[in-house]
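Me: I'm new to this one. Could you take me through the surroundings of the ligand, step by step?

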Amino acid sequence: MSENSGRKHSIIIGGGITGLATCYRLQREAATRDIPLDITLLESSGRVGGVIETEHRDEFLIEHGPDAFISTKPAAKALCEELGIADQFIGTNPKVRRSFVVRNGALYPVPEGFYMMAPGSFMPFLKTPLFSWRGKLRMVLDLFIPRRERDTDEAVAHFVRRRLGTEAFTRMAQPMIGGIYTSDAENLSLKATFPRFMEMEKAHGSIIKALRTQKKQASQTSRDTSGPRYSLFLSFKSGMQTLTDTLAQALSDNIKLDAKVEHIQQTSDGNRWHVSLANRETLNAELLCIALPAPQAAVLTGDLSGPLTSKLNEIPYASSATVNLAFRREDVTHPLDGMGFVVPATENLSLIGCSFSSVKFEDRAPTDHVLLRAFVSEPTSKKTETELIELCRSDLTALLGIKNAPQFATVRKHSQAMAQYQVGHQDIVRSIEQFTGELRGLVLAGNGYHGVGIPDCIRSGEEAALTLLGAL
Ligand SMILES: Cc1cc2nc3c(=O)[nH]c(=O)nc-3n(C[C@H](O)[C@H](O)[C@H](O)COP(=O)(O)OP(=O)(O)OC[C@H]3O[C@@H](n4cnc5c(N)ncnc54)[C@H](O)[C@@H]3O)c2cc1C
């Protein structure tokens, strides 16, 4: 864009939800503030949405990536309201708001009131066969163990073992957290992933006390039977891609597909950015947002700043795969009277979890069929698609009493897609932000920094947009 015309140019790299949210907010804010700004979003693949992908096949609605977002973090819900798609929201099935955990090859319901690592109700907890009596006694000690005074970061696994014991970790917290972060909770940072539990310890001196207090305060309507707080999650009638499709429609003039960025360079006066694409095209801009997972961002910052690049590379990412399988209802023996299950690592299965998709949400499969969405973690995800389907089928057959082959099965691999916020993550992010702050007109956004969920990514993109406008 010509510097003489007074118009500025902004480039966003990456067309996942982060890049789309950045682009949308930048466009809206520039218009509101009457700033003449051309915005281009560059996406390497032939579609926007990134890991968010919904497929409609026959009468099935298949989610290959995320299947819902949490409504308590306001950014996603607010954006949907602004886009006029809030009337398409659907909640999870209120009739079966509970989940299961695998123990010795069988499914057991998460006891009512149990949340992630600790019980919020005593009777269901005392009755569950998921923990030994010794394990239960150890968990109850949480009521008496003094709170930790230091405010330093701690591994989630250490926190759970310290407050609630080893069984609470291996049989419940590890599979629950593994289900969210698709990996090992051993080194995850408590401060960066579950600060709420830190606050509970601080405020109540006990996680059990805190959960019981919350339970008393919670309204009857928002109370879940067990497991993750399912009532807080939202999706769309036509699937998660409703969100990214709506953004893509609103931004159709700004989006450039099949535009893989290979190199970025700042001009010597520090005022502009040269962005080189794989097709040898070069674009120029005053403002640049890298809306990519941290390792992919690091590939682009390599020639720009060694310290920034090495800090980005300090954020590990895990790979995973989703395997959607459709069965005839009569071929599945289990009543599927829950949202799904998680699998502790100690069970040595290929699956880390499975959602009963057509139970969790309405209208996801014909009434005489069920749709299951299995997750496999890092090492398993490296297998071929056929091997992955076979592994999932074999685990599901044993756990759910499946009698026949699936009607179809489909796999999506998510390579290095899920950030692992390890102990010290917030210090790494502070350094990244400090190094980026020294590069005029550049911001980073995405799931590597302040949260991995969809609302976190949207907030990160929206904040990036405001920072860029501030730089003008
Ligand atoms: C399997 C799975 C399930 C999940 N489930 C949930 C859930 O239920 N709820 C929830 O809230 N969150 C969930 N998450 C997390 C959340 O979906 C992601 O953190 C978020 O969608 C990431 O969006 P993003 O735009 O930052 O990155 P991505 O979606 O990875 O998008 C990045 C985009 O950049 C493009 N790109 C890469 N390199 C370049 C380049 N050099 N040039 C141009 N373009 C490039 C890619 O093609 C891609 O389209 C899940 C994540 C995964 C992987």
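**Around the ligand**

Reply: Let's start with the ligand's shell: it counts 36 residues, and Gly14, Gly16, Gly50, Pro66 and Gly453 come nearest. A residue is near a molecule here if its C-beta atom, placed from the backbone, lies within 6 Å of it. Keep in mind that this is a predicted model, where local features need pLDDT of at least 70, side-chain atom pairs count only at pLDDT 80 or more, and totals for chains, interfaces and linings use all residues. Residue numbers run from 1 along each chain as its sequence is written.

What sort of residues make up the shell by class? There are 17 nonpolar, 16 polar and 3 charged ones. Ala, Val, Leu, Ile, Met, Phe, Trp, Tyr, Cys and Pro count as nonpolar, Asp, Glu, Lys and Arg as charged, and the others, Gly among them, as polar.

As for where they sit, α1 (17-32), β15 (317-328), β19 (408-419) and α16 (454-471) each give the shell at least two residues. Those labels are DSSP runs numbered from the N terminus: helices are H or I with at least four residues, strands are E with at least two.

Now zoom out to the domains, whose bounds come from an automatic or database domain assignment. The protein chain is divided into domain 1 (8-50 + 240-314 + 424-471), domain 2 (68-95 + 317-419) and domain 3 (111-226). Domain 1 and domain 2 each put at least three residues into the ligand's shell.

Those two domains also touch each other. Their C-alpha centres lie 30 Å apart, and the contact takes 17 residues from domain 1 and 15 residues from domain 2. Contact means that the C-beta atoms of two residues, placed from the backbone, lie within 7 Å. On the domain 1 side, α10 (241-250), α11 and α16 each supply at least two residues. Helix α16 gives the most to that side, with 6 residues. By class, the domain 1 side has 9 nonpolar, 5 polar and 3 charged residues.

One more stop, at His64, in the loop between β4 (60-63) and β5 (69-70). Why does His64 count as buried? Because 24 other C-beta atoms lie within 10 Å; the cut-offs are 20 or more for buried, 12 or fewer for exposed, and partly exposed in between, with C-beta atoms placed from the backbone. Leaving aside neighbours within four places in sequence, His64 is in contact with Glu53, Glu55, Thr322 and Arg412.
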